[in-house]
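Please read it alongside the sequence and the coordinates.

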Amino acid sequence: MTLIAENFAGKKIGKLTSLAHIGGQVGAILAAIASAIVIPLFGWNALFLVGLFPRYFSFYCSYSIKGQ
């Protein structure tokens with residue numbers, strides 16, 4: 001939330017923090033769906049591999065933002 005408050009104008013902060021919180025809830029739902037699919041097919045250890053995709057995406061986003 002601090003990054004949103006520091007980088008965006010005052011009128012946009014409320015909408016963007018709401019969007020960030022909704023993104024967390026959607027992520028939890030997608031994790032539950034992924035686990036329901038992956039665990040019966042490959043076991044619980046394979047969920048660690050599924051969890052690498054968002055991690056690589058976040059690294060890509062953090063390095064592609066200008067100024068960092």
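In helix α2, the residues Thr17, Ala34 and Val38 are buried, where buried means under 20% relative accessible area, exposed over 50%, and partly exposed in between (1.4 Å probe, protein chains only). The model is predicted, so local features need pLDDT of at least 70 and side-chain atom pairs count only at pLDDT 80 or more, whereas totals for chains, interfaces and linings use all residues. Residues are numbered from 1 along each chain as its sequence is written, and side-chain values use heavy atoms, with hydrogens and water left out.

Helices (H or I, at least four residues) and strands (E, at least two) are DSSP runs, numbered from the N terminus. What covers the buried residues of α2 includes α1 (2–7) and α3 (46–50), with contact meaning heavy atoms within 4.5 Å. From the side of α1, Ile4, which lies in that helix, touches Ile13, Leu16, Thr17 and Ala20, leaving aside residues up to four places away in sequence.

Helix α2 itself has 33 residues and reaches 47 Å from its first C-alpha to its last, close to the 48 Å expected at 1.5 Å a residue; the expected span is 1.5 Å times one less than the number of residues. Just after α2, Gly43 takes a positive phi of about 95°.

On the surface, Ile22, Val26, Ile29, Leu30, Ile33, Ile37, Leu41 and Phe42 form a nonpolar patch with about 840 Å² of accessible area together. Such patches are made of residues with over 30% relative accessible area and no salt bridge, like charges being joined within 9 Å and nonpolar side chains (Val, Leu, Ile, Met, Phe, Trp, Tyr) within 5 Å. A salt bridge is here a side-chain nitrogen of Lys or Arg within 4 Å of a carboxyl oxygen of Asp or Glu. Accessible areas come from the Shrake-Rupley method with a 1.4 Å probe, and for residues only the protein chains shown count as cover.

The table sets out the accessibility of individual residues.

| Residue | Relative accessible area | Class |
|---|---|---|
| Ile4 | 15% | buried |
| Ile29 | 51% | exposed |
| Ala32 | 43% | partly exposed |
| Phe59 | 40% | partly exposed |

Separations between C-alpha atoms can be set beside separations in sequence. Ile4 and Leu47, 43 residues apart along the chain, are separated by 30 Å; Phe59 and Lys15 are 44 residues apart in sequence and 24 Å apart in space; and Ala32 and Tyr56 are 24 residues apart in sequence and 20 Å apart in space.

How many helices and strands does the chain have? It has 4 helices and 0 strands, so that from the N terminus on the elements run α-α-α-α. The radius of gyration is 16 Å, well over the 11 Å that the globule rule gives for 68 residues, so the chain is more spread out than a compact globule; the radius is taken over C-alpha atoms, and the rule is 2.2 Å times the number of residues to the power 0.38. Taken along the principal axes, the C-alpha atoms fill a box of roughly 45 × 25 × 10 Å. Buried residues make up 7% of the 68 residues in the chain, and the chain exposes about 6000 Å², of which carbon and sulfur atoms supply 71%.
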